[in-house]
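Subject: Structure handover and findings

Hello,

Here is the structure for you to take over. My notes follow below it.

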Amino acid sequence: VGTPSKSSLPMKPYNAGDIATVMPQNSPTSVERLLSVLPARIRCIADCPIRIERLQPDASYWPECCTLRGLLTYCADINGRPEREFLRSLSVFIDQSQPSGKAQAAKLVQLSETAGAA
């Protein structure tokens, strides 16, 4: 495996104060493991193209068109610890009509609270 030549890399302007982000890709095993616990209606579309609409121009470097599998492989940190705010925001999507729905939502809210956190 060689290193790309300088001339083959796209050049982006760099200004003082700019920040670079390096996102390593997730392993196919990790992505498959995550997909395996998602509902079947989501798993079945893992390889279908989806479009991502940016609310602000240049808000992120996520692709405009990709697949869920591609997002999970190249864009999402699926092995890291989720932020507390993210856990709280997930709680509103829990189907509380399911037998354990209310308990799952409450657990996500509990995990998102800072009381007793180290």
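A salt bridge here is a side-chain nitrogen of Lys or Arg within 4 Å of a carboxyl oxygen of Asp or Glu. Arg-88 and Glu-113 meet that cut-off through their side chains, at 3.8 Å from N to O. Arg-88 sits in helix H4 and Glu-113 in the segment after H5, so the pair links distant parts of the chain, 25 residues apart. Arg-88 is partly exposed, at 40% relative accessibility. Glu-113 is also partly exposed, with a relative accessible area of 40%.

Confidence

Please keep in mind that this is a predicted model. The average pLDDT of the protein is 82. A score of at least 70 is reached by 84% of the residues. Residues 1-5 have a pLDDT below 50. Beyond near neighbours in sequence, that stretch has one contact in the model. Among the elements, H1 has the highest mean pLDDT, 94. Helix H4, residues 84-91, has the lowest, 87.

The other salt bridges

How many salt bridges does the structure hold? There are three. One is the Arg-88 and Glu-113 pair described above. Another joins the side chains of Glu-32 and Arg-69, at 2.6 Å from N to O. That pair links distant parts of the chain: Glu-32 is in helix H1, Arg-69 is in helix H3, and they are 37 residues apart. Glu-32 is partly exposed at 42% relative accessibility. Arg-69 is partly exposed at 25%.

Arg-69 also forms a salt bridge with Asp-47, at 2.6 Å from N to O. Asp-47 lies in the loop between helix H2 (40-43) and strand S1 (49-51), while Arg-69 lies in helix H3, so this pair ties together parts that are 22 residues apart in sequence. Through shared partners, salt bridges join Glu-32, Asp-47 and Arg-69 into one network.

Nonpolar core

Which residues make up the largest nonpolar core? Six do: Val-31, Leu-35, Ala-46, Leu-68, Leu-72 and Ala-76. In soluble globular proteins, nonpolar side chains tend to be buried together. Leu-72 is worth a look in the viewer. Leaving aside neighbours within four places in sequence, Leu-72 is in contact with Asn-26, Val-31, Leu-34, Leu-35 and Ile-78.

Cysteines

A search of the whole structure finds zero disulfides. The cut-off between sulfur atoms is 2.5 Å. Cys-66 is in no disulfide either. The nearest cysteine sulfur to Cys-66 is that of Cys-75, 6.3 Å away. Is Cys-65 buried or partly exposed? Cys-65 is partly exposed, with a relative accessible area of 44%. Cys-66 counts as buried, because its relative accessibility is 12% and the cut-off for buried is under 20%.

Asp-95 is found in the loop between H4 and helix H5 (101-112). Asp-95 is partly exposed, at a relative accessible area of 42%. Asp-95 and Ala-105 are ten residues apart in sequence. Their C-alpha atoms are 8.5 Å apart in space.

Over to you.

Best wishes

How values were computed:
Residues numbered from 1 in each chain as written. Predicted model: local features only at pLDDT ≥ 70, side-chain atom pairs only at ≥ 80, totals over all residues. Heavy atoms only, no water. Core = buried A, V, L, I, M, F, W, Y, C linked by side-chain atoms within 4.5 Å. Buried < 20%, exposed > 50% of the residue type's maximum accessible area, 1.4 Å probe, protein only. Contact = heavy atoms within 4.5 Å. pLDDT = per-residue confidence, 0-100. Helix = DSSP H or I, 4+ residues; strand = E, 2+ residues; numbered from the N terminus.
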